[in-house]
Amino acid sequence: MQGNSQTIKKKSWIDNMLDKIERAGNKLPDPITLFIILAGVVLVLSWVLSMLGISAVQPGTEDVIQVKNLLSQEGLILILTQMVSTFTGFAPLGLVIVTMIGIGLAEQTGLISAVMKKIVMSAPTKLIVPFIIFTGLVGNLAADAAFIILPPIAAMIFMSIGRNPLAGLIITYAAVAGGFSANILISSLDVLLLGITESAAQIADPAYTGRATMNYYFLIASTFLLVIIGTWVAKKFTEPRFGSFHGEIEKLEPLTALEKRGLKWAGIVTLVYILVIAFTVIPSNGLLRDPATGGFLNSPFMAGIVPIMLFFFLLPGLAYGIAAKEVKNDKEVAEKIFKSIADMAPFIVLAFAASQMIAFFNWSNIGSILAIKGAELLQALNFTGLPMMIGFVLICAFVNLLIASASAKWALLAPIFVPMFLYLGYSPAVTQMAYRVGDSITNPITPMLPYFAILLSFAKRYDKNIGIGTLISSLLPFSVFFAIGWIILFAIWFLLGLPLGPGDYIYLK
């Protein structure tokens with residue numbers, strides 16, 4: 001019979017592995033419960049390891065770091081007295097709420113839907129994935145705001161063309177997280193890491209000074225490489241795994257006269273807003289430039305990027321709503337904002353549990369000690385040349401699973417590896433670059449990155465039953481192939497001795 005003659009496509013070993021990861025991960029408890037369990041594990045570990053006297057020596061300062069017993073009187077007092085401030089000070093919390101006010105209004109009035117409709121009706125469908133990945137990589141200029149702004153927009157793009165919005169979420173999150181150290185422009189992260197690298201290098205060479213552009217050439221090449229790899233992974237793994245979307249799909253319809261009018265006025269408001277912002281940052285004495293130096297990277301503009309992005313969405317969203325007659329008065333505006341924030345209620349509860357667990361981990365010093373011990377192990381192996389650098393990349397990738405903060409990890413690792421490699425004749429620029437590769441490749445799959453919980457909240461809008469296992473199994477191919485491609489690029493760069501940035505090379509000059 002015809003039914004018996006049909007050939008069932010056999011799954012590859014990679015698909016089978018990802019299926020197993022997904023099944024195992026989805027057996028995990030609800031994320032809120034999981035964070036509570038992990039918090040309890042950290043508390044018990046802090047007690048056991050402190051009793052065993054586990055410690056490590058802080059590189060550079062030679063201070064002894066010991067595991068802090070959080071079940072002691074001092075630890076319990078710390079937990080109780082800091083619980084509220086730990087939650088309110090949880091970095092993603094304010095960022096999410098503030099940005100969602102603007103994005104929420106733009107979404108509720110229909111601006112985002114109209115813009116995405118306009119884009120997908122005028123752009124070749126085959127270019128949407130590389131466009132989204134490139135936007136995610138460059139979006140790191142907005143620092144952590146990219147984690148909040150871009151994934152939901154990508155989901156809407158995918159839904160608008162009949163593709164699974166969950167695939168859009170995964171692809172964009174992987175680009176933002178996995179490519180956090182790739183860009184075509186210098187960002188605040190370059191400046192932040194430079195300060196740590198320079199201080200660490202001065203342990204061996206007190207006269208050393210570095211530049212924020214020390215990795216610039218490599219970062220540009222990395223950006224285009226990751227676009228190619230990410231597009232291939234999305235086509236090969238991500239979209240096939242999610243398949244078709246069975247929820248309510250927003251169909252593409254031609255823009256109405258009111259929608260066109262709304263887009264026109266939203267565009268005018270956006271242009272005026274950009275011109276106003278440009279006027280405050282382009283002149284050397286601009287209002288949002290660094291008052292002391294006139295610089296841009298450490299300016300009020302970069303520090304205030306979140307509220308700037310808030311109004312970037314809020315004002316055009318309001319203009320669109322009025323022009324398209326989606327809102328008629330201030331009460332309707334408020335109602336639309338309320339609705340967008342109400343959708344974030346699950347994340348707010350999740351943020352409370354996650355903030356406590358992460359704080360316990362930091363207070364106990366377990367993460368710091370693990371990072372230092374891992375670094376000492378690599379140092380003891382006495383690798384040289386390219387194998388040493390690749391080993392360092394892998395150590396950084398592993399440590400990133402425990403400590404998500406790029407600056408915190410580098411503050412721990414730089415005082416060991418920068419001087420050590422400098423003594424061997426390697427420039428601090430190449431050590432920093434190796435760190436940045438390792439720091440980025442496991443970003444998509446580490447639950448210690450606070451924005452992983454945000455991704456889960458976004459995903460539950462389209463599939464209420466989606467679990468951590470589904471997300472990790474879908475993100476894992478990006479981490480694996482980003483790692484392979486990035487390490488190969490690094491190896492080629494290293495072996496050819498190419499400059500990493502203007503005036504910065506692999507070896508000391």
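Start by selecting W410: setting aside neighbours within four places in sequence, W410 is in contact with L193, I196, T197, F392, P415, V418, T431, Q432 and Y435. Keep in mind as you look around that this is a predicted model.

**The cores**

Now widen the view around W410. This tryptophan is listed among the residues with the most contacts inside the largest nonpolar core, along with F147, Y173, F218, M389 and F490. That core has 154 residues. To see its main contributor, select residues 468-496: this is helix α22, which gives the most to the core, with 15 residues. There is also a second, separate core, made of six residues. Pick out L105, L314, V327 and I337, which are among them.

**Helices α3 and α16**

Next, select residues 31-51 (α3) and 345-364 (α16) and colour them separately. How far apart are the axes of α3 and α16, and at what angle do the two helices pack? Their axes are 9 Å apart, and the angle is about 15 degrees. Angles under 35 degrees count as roughly parallel, and α3 and α16 are therefore roughly parallel to each other. Their crossing is left-handed.

- From α3, show P31, I32, F35, I36, L38, A39, V42, L43 and S46.
- From α16, show V349, L350, A353, A354, M357, F360, F361 and S364.

Sorted by class, this contact holds 15 nonpolar and two polar residues, with no charged ones.

**Helices α7 and α9**

Move on to residues 128-138 (α7) and 165-178 (α9). Here the helices pack at an angle of about 35 degrees, and their axes lie 7 Å apart. Is the crossing of α7 past α9 left-handed or right-handed? It is right-handed. On the α7 side, show V129, I132, I133, G136 and L137; on the α9 side, show I171, T172, A175 and V176. This contact comprises seven nonpolar and two polar residues, and again no charged ones.

**A phenylalanine in a loop**

For the last stop, select F245, in the loop between α11 (216-242) and α12 (257-281). Is F245 buried or exposed? Its relative accessibility is 12%, so F245 counts as buried, the cut-off being under 20%. Leaving out residues up to four places away in sequence, F245 touches M159, N164, P165 and Y462. Finish by drawing a C-alpha to C-alpha distance from F245 to G162: the two are 83 residues apart in sequence and 7.7 Å apart in space.

Notes:
Residues are numbered from 1 along each chain as its sequence is written. This is a predicted model: local features need pLDDT of at least 70, side-chain atom pairs count only at pLDDT 80 or more; totals for chains, interfaces and linings use all residues. Side-chain values use heavy atoms; hydrogens and water are left out. Axes are lines fitted to C-alpha atoms, for helices over the stretch in contact, and angles run from 0 to 180 degrees between N-to-C directions. Helices (H or I, at least four residues) and strands (E, at least two) are DSSP runs, numbered from the N terminus. A crossing is left-handed if the near helix is turned anticlockwise from the far one by less than a right angle, and right-handed if clockwise. Contact means heavy atoms within 4.5 Å. Ala, Val, Leu, Ile, Met, Phe, Trp, Tyr, Cys and Pro count as nonpolar, Asp, Glu, Lys and Arg as charged, and the others, Gly among them, as polar. Buried means under 20% relative accessible area, exposed over 50%, partly exposed in between (1.4 Å probe, protein chains only). A nonpolar core is a set of buried Ala, Val, Leu, Ile, Met, Phe, Trp, Tyr and Cys residues joined through side-chain atoms within 4.5 Å. Angles under 35 degrees count as roughly parallel, over 145 as roughly antiparallel, 65 to 115 as roughly perpendicular and the rest as oblique.
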